[in-house]
Structures are given as structure tokens and as C-alpha cells.
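Here is a walk through one model, feature by feature. Have a look at the fold before reading on.

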Amino acid sequence: MKIALVPGTFDPITNGHLDVVARASQLFDHVIVAVAASEKKRPLFTLEQRVALAREATASIDNVSVEGFDELLTTFAKRKGAHVVVKGLRAITDFEYEFQMTAMNYQMDTSIETLFVMSPPEYMYLSSSIVRELASLHGDYDRFVPSCVKVALERRFADEEA
């Protein structure tokens with residue numbers, strides 16, 4: 001069985017992330033959406049919340065599961081039997097960062113390959129940080145996130161205002 005990881009912080013998961021996951025699901029037998037704890041990034045949502053949102057958002061894709069992790073990506077991949085990491089690329093700046101990460105992961109474990117998937121034009125500008133900012137300022141972001149994320153963001157920012 002060919003297993004791939006789609007890793008990220010997913011704070012929150014966006015339609016751009018879902019595009020990468022859906023495309024990976026067409027290429028591999030099983031795809032694990034690997035939600036990184038990433039505490040240094042000070043995420044808006046807890047790891048448990050991000051995992052729950054990603055599970056709800058990907059529930060309709062049969063060969064996808066979601067798991068949180070707090071270890072090296074290569075260690076997690078090895079533990080899960082994954083030999084491919086799938087990453088979405090939006091712009092040149094993504095490539096530079098992902099190129100560095102891929103090179104480091106390769107130094108850690110040469111058996112894990114990285115596959116880059118180019119974002120379609122409608123998602124090239126989309127990021128979790130943009131969605132968080134739009135949500136915090138009560139902007140229109142419905143078309144960028146699954147409905148479960150919209151509800152979670154509305155609750156989160158309503159709680160902060162209370």
C-alpha cells in the first residue's frame with residue numbers, strides 16, 4: 001500500500017489545503033493529513049481542534065485519515081509507513097522554504113520522497129494566516145474554508161470579543 005503524508009499546521013485547514021489532500025488521494029492508496037503541533041507558531045486553535053476540523057473537512061474522502069503529531073516529520077512518516085510527503089506550492093517563497101525543508105528531511109531519511117503539487121490559480125494567494133486575519137476583522141472568507149472551519153472561526157472570534 002502506498003501511503004503519503006500531507007503535513008502542515010492547518011491553523012485552520014483551508015480549501016487550498018483540501019485541494020492538495022484531494023489530489024494526493026487520487027495518487028496514493030492512503031493519505032494521512034499530518035497536523036503538526038507547531039507550538040512555536042502559537043496556533044489559534046489547539047492541536048486537538050485542528051485535528052477535529054481537518055477530520056470533518058476531509059470526511060468525504062474515503063482514503064484519507066487525519067492525525068496530529070509532535071515529532072520530526074521523518075520520524076512520523078517512518079512510524080506510519082509513509083514514503084512520500086505531498087506539499088502544495090503557491091509561490092516562489094513557498095518553494096524556497098519547502099526546498100530547504102525537503103533537503104533537511106532528505107538528510108534525516110533518504111527513503112522519504114517529497115512531491116510538490118502546484119496550487120491552482122484560485123488558491124495561489126490563500127493561506128491560513130490570511131483566513132485568520134479576515135475572520136478576526138469579520139471579513140468575507142466563506143469561499144476559502146469548509147463550513148466547519150467558518151463556524152469554528154466565528155466562535156473563536158466571538159469568544160475573544162466577549
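## Ground rules

Helices (H or I, at least four residues) and strands (E, at least two) are DSSP runs, numbered from the N terminus. By that scheme, Arg156 belongs to helix α6.

This is a predicted model, with local features needing pLDDT of at least 70, side-chain atom pairs counting only at pLDDT 80 or more, and totals for chains, interfaces and linings using all residues. Residues are numbered from 1 along each chain as its sequence is written, and side-chain values use heavy atoms, with hydrogens and water left out.

## The sheet

Start with the open sheet: five strands in the order β3-β2-β1-β4-β5, with parallel pairing. Two strands pair if DSSP finds at least two bridges between them. At the edges are β3 (64–69) and β5, each of which pairs on one side only. On average, neighbouring strands here are turned by 30° against each other, direction ignored. For angles like this, axes are lines fitted to C-alpha atoms (for helices over the stretch in contact), and values run from 0 to 180 degrees between N-to-C directions.

Strand β4 (residues 84–89) runs parallel to β5, and six bridges join the two. Val84 has Glu113 in β5 as its bridge partner. Helix α4 (residues 92–108) packs on the sheet and touches both β4 and β5, with its direction at about 165° to that of β4. Contact here means heavy atoms within 4.5 Å.

## The β2–β3 side

Six bridges also join β2 (residues 30–36) to β3, again running parallel. Ala34 is the residue standing opposite Glu67 in β3. To get from β2 to β3 the chain passes through helix α2 (residues 47–58), making a right-handed β-α-β crossover. Right-handed means that, with the strands pointing away from the viewer, the path from the first strand over the helix to the second runs clockwise.

Thr58 is part of α2. Is Thr58 buried or exposed? Its relative accessible area is 2%, so it is buried. The cut-offs are under 20% for buried and over 50% for exposed, with partly exposed in between (1.4 Å probe, protein chains only). Setting aside neighbours within four places in sequence, Thr58 is in contact with Leu18, Val21, Val33, Val64 and Val66.

## Aromatic pairs

Four aromatic pairs turn up in the structure. In the pair of Tyr125 and Phe144, the ring centres are 5.9 Å apart and the planes are at 80°, so this one is edge-to-face. It ties together distant parts of the chain, 19 residues apart: Tyr125 is in the loop between β5 (113–118) and α5 (128–136), and Phe144 is in the loop between α5 and α6 (147–161). For the rules, rings of Phe, Tyr and Trp (its six-membered ring) pair if their centres lie within 6.5 Å; planes under 30 degrees apart count as stacked, over 60 as edge-to-face and the rest as tilted. Phe144 is buried at 8% relative accessible area, whereas Tyr125 is partly exposed at 44%.

Elsewhere, ring pairs link Phe95, Phe99 and Phe116 into a cluster. There's also a charge over a ring: the charged end of Lys150 sits 5.1 Å from the centre of the Tyr141 ring. That label requires NZ of Lys or CZ of Arg within 6 Å of the ring centre and within 35 degrees of the ring normal.

Ser119 is in the loop between β5 and α5, and at 10% relative accessibility it is buried. Not counting residues up to four places away in sequence, Ser119 touches Arg23, Leu89, Arg90 and Met124.

Back to Arg156, which is partly exposed at 28% relative accessibility. Beyond its neighbours within four places in sequence, Arg156 is in contact with Leu44 and Phe45. Arg156 and Ala135 are 21 residues apart in sequence, with their C-alpha atoms 9.3 Å apart in space.

Most residues other than glycine have a negative phi, and most peptide bonds are trans. Against that background, the bond from Asp11 to Pro12 is cis, with omega near 0°. Pro12 is in the loop between β1 (3–8) and α1 (15–27).

Arg42 has a positive phi, near 50°. This residue is in the loop between β2 and α2 and is exposed at 73% relative accessible area. His138 also has a positive phi, near 60°. His138 is in the loop between α5 and α6, and it is exposed at 53%.
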